[in-house]
Amino acid sequence: MSFSNADTGDKPADPYKATNKTEPELKEKVEDLVAFIERCKFGMMTTRIESSGLLVSRCMALAAKEGGGIDLLFHTNTESGKTDDLHHDPKINMAFLDGEGQWASVSGQAKIITDREVVRKYYTPTLKAWMGDLEDGKHDGGPEDPRIGVIKIEAKTATYAISSRGMLGRATQVAKGTLTGQPADVNKLREISEDELSQWRKENS
């Protein structure tokens with residue numbers, strides 16, 4: 001059962017969504033999403049805390065992509081709180097936002113990878129700055145440090161909004177909407193379903 005607090009009859013209750021939602025070919029939808037995520041690089045990873053059931057978000061830097069660009073990989077310290085969260089509940093969300101208000105939300109299932117071959121493949125020396133060298137000959141922040149792992153998110157659904165107009169065009173639309181009550185036509189609002197992502201992954205991996 002969905003939540004509702006209004007009866008708008010035959011008129012859309014969410015005119016912004018009705019005006020801005022677009023449904024291009026899957027290739028365009030995915031490629032625009034991937035390009036936006038690459039530009040942002042940093043996003044907020046949301047997991048669920050086992051002890052309380054509450055959600056917590058952490059800023060993460062994108063390390064790599066797989067599955068034709070839709071499956072996202074991040075470096076992690078395997079001894080951190082987020083790995084505890086994901087061990088108990090692998091459901092996850094990554095949200096990206098830029099300074100212009102464009103955004104993307106990717107939901108999926110996370111896997112914590114500790115296989116050394118995978119870690120070496122995506123390793124970067126800058127991880128030493130975050131891991132530190134414990135000076136025990138093992139936990140040195142290098143590619144063989146067992147604390148370094150990879151979180152891989154297999155995307156299940158994605159929703160995003162990217163600008164369809166320049167700054168002046170967006171300002172004009174907002175001003176027009178403020179005066180007339182017509183929803184501003186400023187974004188390409190798109191949704192990618194689990195079936196679509198599965199199809200893309202199969203055709204592009």
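My entries follow, starting with the ground rules.

I am working from a predicted model, where local features need pLDDT of at least 70, side-chain atom pairs count only at pLDDT 80 or more, and totals for chains, interfaces and linings use all residues. Residues are numbered from 1 along each chain as its sequence is written, and side-chain values use heavy atoms, with hydrogens and water left out.

**Helix H2.** I looked up H2, residues 26-40 (helices are DSSP runs of H or I, at least four residues; strands are runs of E, at least two; both are numbered from the N terminus). Its buried residues include Leu 26, Val 30, Leu 33 and Ile 37 (buried is under 20% relative accessible area, 1.4 Å probe, protein chains only). Lys 41 comes after H2 and has a positive phi, near 65 degrees.

**Core.** Next I checked the largest nonpolar core, which has 29 residues (a set of buried Ala, Val, Leu, Ile, Met, Phe, Trp, Tyr and Cys joined through side-chain atoms within 4.5 Å). Met 45, Phe 74, Phe 96 and Ile 192 touch the most other members. H2 gives the most to this core, with seven residues.

**Strands.** I then followed S4, which pairs antiparallel with S5 over seven bridges (pairing takes at least two DSSP bridges). Lys 91 has Gln 109 in S5 as its bridge partner. S4 and S5 form a hairpin with five residues between them, and Gly 101 in the turn has a positive phi of about 90 degrees.

How values were computed
The expected span of a helix is 1.5 Å times one less than its number of residues. Buried means under 20% relative accessible area, exposed over 50%, partly exposed in between (1.4 Å probe, protein chains only).
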